[in-house]
Structures are given as C-alpha cells and as structure tokens.
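User: I would like to learn how to read the features of a protein model. Could we begin with pairs of charged side chains?

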Amino acid sequence: MQNEPAASWAKANSGSVREFDPQQLAARASEKAKWPRTRRKLPPGKYAVILEPAAALDLVGFLFYDFARDCN
C-alpha cells in the first residue's frame, strides 16, 4: 500500500484459503500507511526498532537463505 510519504504492507499465512481475508489485509496495510503523517529527521545513532511478527519472520528467512547460498 502506498500513501505518500509512507509505504506499508500486511501479510497472512494459513493452511486454508478459506481463512485468508484479502479485504482485511488491505485494510490493515491502508491503516498502517496513514501512520507516518508527521516526519522528522533523526540524527545518526542507534534506535530500537519493533517489527511485526511477519516482518521479523521474513527478515530471518532472508538471512538464512543468504547464509545457505554462500555455503555452496
């Protein structure tokens, strides 16, 4: 979902297509894209980042894929 100045996404996993609700995912992504209405520059430094479970899972999955690929 793109809503200047932000981009957002939503993800769902299920073993059954009947449990998948694309309207709910679109509404979630749309709501999240509206959050950053006010922006400000931050100085360089260390910042805590909180990821949603799906984002953390994707990040870890990408890391494992890259590590496995480099071992060959």
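Analyst: Side chains of opposite charge can pair when their charged atoms come close. In this predicted model, the structure holds three salt bridges.

User: Which side chain meets Lys11 in a salt bridge?

Analyst: Lys11 pairs with Asp58, with an N to O distance of 2.4 Å. This pair links distant parts of the chain, 47 residues apart: Lys11 belongs to the loop between strand S2 (6-7) and H1, while Asp58 belongs to helix H2.

User: How is the accessibility of Lys11 and Asp58 to be read?

Analyst: The class follows from the relative accessible area: under 20% is buried, over 50% is exposed, and values in between are partly exposed. Lys11 has 34% relative accessibility, so Lys11 counts as partly exposed. Asp58 has a relative accessible area of 24% and is therefore partly exposed.

User: With which residue does Glu52 form a salt bridge at 2.7 Å?

Analyst: The partner is Arg28, and 2.7 Å separates the closest N and O atoms. Here too distant parts of the chain are linked, since Glu52 lies in the loop between H1 and H2, Arg28 lies in helix H1, and the two are 24 residues apart. Glu52 counts as partly exposed because its relative accessibility is 30%. Arg28, with a relative accessible area of 37%, is partly exposed.

User: Where in the chain are Lys32 and Glu52, whose side chains meet in a salt bridge?

Analyst: Lys32 is in helix H1 and Glu52 in the loop between H1 and H2, 20 residues apart. Their N to O distance is 3.2 Å. Through salt bridges that share partners, Arg28, Lys32 and Glu52 are joined into one network.

User: Is Lys32 buried or exposed?

Analyst: Lys32 has a relative accessible area of 11%, so Lys32 is buried.

User: What does Lys32 lie over, and which backbone atom does its side chain reach?

Analyst: A charged side chain may also be read against an aromatic ring. Lys32 lies over the face of Trp9, at 5.6 Å from the ring centre. The side chain of Lys32 also reaches the backbone oxygen of Trp9, at 2.5 Å.

User: How many aromatic pairs does a search of the whole structure find?

Analyst: A pair of aromatic rings is described by the distance of the centres and the angle of the planes. In this case, the search of the whole structure finds zero aromatic pairs.

Conventions:
Residues numbered from 1 in each chain as written. Predicted model: local features only at pLDDT ≥ 70, side-chain atom pairs only at ≥ 80, totals over all residues. Heavy atoms only, no water. Phe/Tyr/Trp six-rings, centres within 6.5 Å; stacked < 30°, edge-to-face > 60°. Lys NZ or Arg CZ within 6 Å of the ring centre and 35° of its normal. Buried < 20%, exposed > 50% of the residue type's maximum accessible area, 1.4 Å probe, protein only. Polar contact = N/O pair within 3.5 Å; in protein donor to acceptor, adjacent residues only side chain to side chain. Salt bridge = Lys/Arg side-chain N within 4 Å of Asp/Glu carboxyl O. Helix = DSSP H or I, 4+ residues; strand = E, 2+ residues; numbered from the N terminus.
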